[in-house]
Amino acid sequence: MVIERRPSVVIIGGGFTGAVVAASLARDSSMEGWQIAVFEPRERLGCGLAYDTDDPAHRVNVPAGRMSLDADDADQFVRWMQLQGEPRDDAEALAPDGHLYPRRGLFGRYVADSVAPFLGNGRITHHRQRVISVERRGADWEIRGDAGTTLRADVLVVATTHPAPAAPAGIDDVLRGHPRYVADTTVPGALAAIRPDDHVLIIGTGLTAADVIASLRTTGRTGPITAFSRRGLRSRGHASRAQDPYGDFTSSLSATATDLLVRVRRVVACAEADGFSWHAVFDALRSQGGEIWRNLPVAEQRRLLRHLRPFWDVHRFRVAPQIDAIVRAGLQSGDIRILAGSIDRLERNGDEIAATFRRRHGAGIERWNVDAVVITTGPAHKSVLKSQIWLETLSADGHLQPDAVGLGLACSESSRALDRQGRETETLFIAGPLARGTFGELMGLPQVNDHAIFVAAQVAALARGQGATNVALSRDDGSETLRAATTIS
């Protein structure tokens, strides 16, 4: 008797992206008879690095009313909180602007709950293991976990997160082994060794730096904090009032980074004249970002990343009002400083750390003695293939390559991986932020959510055996959501 193996899709990475891909597939009637498996070492699917946190200072960075998993039901997350009696024991969740910014772990619970029914009925299988190898076996993919599970997959979806941050050159060599050197803030308890009065040096000034500052201050660490980056830009806060997106950047698309910059500045000036803030313009840019990005030649995409990305990041990725208030209060009192420049020299004598800092544009040199150093420089994008051995192996075997702009993995407009020769691999998909090089804006909701649903639609079309999908990306201006309308050829 011959027992036929059921067709299967394996998703590597069960954070937010992987969970949404899995749940979308489980709902799709085309996947009846298919096995859907997720490799994710965390206890729950849907949390990932972003939402698997119990730090009370970590909050969602956009209002809860804009974080629904269902693009057609904007209040789903808010209703879920109400049913759960949340947010309890969190008097600060309601911001002065009237919006809820609950703790980040609560959103992780919501995503996990949305997947749980499919785990319960067996539509999705969760393997709590790290993947240690992936190999091509004929037309299949063989995936091995660190607890001994080996699966064969007809379709493989890579939904892993970005690599950990990388310290600027030389810093790790000097500080490795220091008890208060924090190279990766995502490690549980990473800040635990920092003492109440320690002078903390933070390298990086974006969202993660703001989280670190909030975590230190809300846990009684009152020592001085100095944060720096090359430009000294910190993540901005939200607008004081609700505004609709302002500006049209797609009816006539920019072909150069310079033209896009000129247009953005012009539209911001027009917005201010009409009573809008820059926030409304950047909301329009975010919702139109995929089309803007894809129209730029690769050389211009690289120019944009090299020169403009830091400015985009601090305006696009805004901090919750509660966190912004902590940072502002520290800046006003002087116990928090945010500077532009670079470390000229770093020395360690036992647990003592001496830093020589060169201010940007020749504005002088400062020398500090600090007790702790925290790296918040953001993901080391160019190290993605070396971040996990199975990714490096797939690359060595010719199945994967880095994208042309250094943000993640190369993939096509259908989110299929591009091999060493630039050809699509029909059964290998890249989901989530690692596909940014092709799709542009894939770091925040709702874009990551929509891209995960889009990838699931591609897999389901493949399961139907009817060839590739013809994808039309249409805009719902009301919800600022990128939708994937899929037809079968």
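Reader: Which helix gives the most to the lining of the second largest cavity?

Author: Helix H6, residues 207-218, with 3 residues. Helices (H or I, at least four residues) and strands (E, at least two) are DSSP runs, numbered from the N terminus. A cavity is a set of points on a 1 Å grid over the protein atoms alone where a 1.4 Å probe fits but cannot get out, and lining residues have an atom within 4 Å of a point. This is a predicted model: local features need pLDDT of at least 70, side-chain atom pairs count only at pLDDT 80 or more, and totals for chains, interfaces and linings use all residues. Residues are numbered from 1 along each chain as its sequence is written, and side-chain values use heavy atoms, without hydrogens and water.

Reader: What volume does the second largest cavity have?

Author: About 70 Å³, taken as the space filled by probe spheres set on the points, which are joined across faces, edges and corners.

Reader: Which residues line it?

Author: Among them are Thr-205, Ala-209, Ile-213, Arg-234 and Val-327.

Reader: Other topic. What is the strand order in the open sheet of 3 strands?

Author: S4-S5-S6, with antiparallel pairing; two strands pair if DSSP finds at least two bridges between them. Strand S4 (131-137) and strand S6 (150-153) are the edges, each pairing on one side only.

Reader: How many bridges join S4 to S5?

Author: 6, with S5 covering residues 140-145. Glu-135 stands opposite Glu-142 in S5.

Reader: Which helix packs on the sheet?

Author: Helix H13 (residues 389-396), touching S4 and S5, where contact means heavy atoms within 4.5 Å.

Methods
On a 1 Å grid over the protein atoms alone, a cavity is a set of points where a 1.4 Å probe fits but cannot get out, and a pocket is an open set with protein on both sides within 12 Å along at least five of seven lines; lining residues have an atom within 4 Å of a point. Axes are lines fitted to C-alpha atoms, for helices over the stretch in contact, and angles run from 0 to 180 degrees between N-to-C directions.
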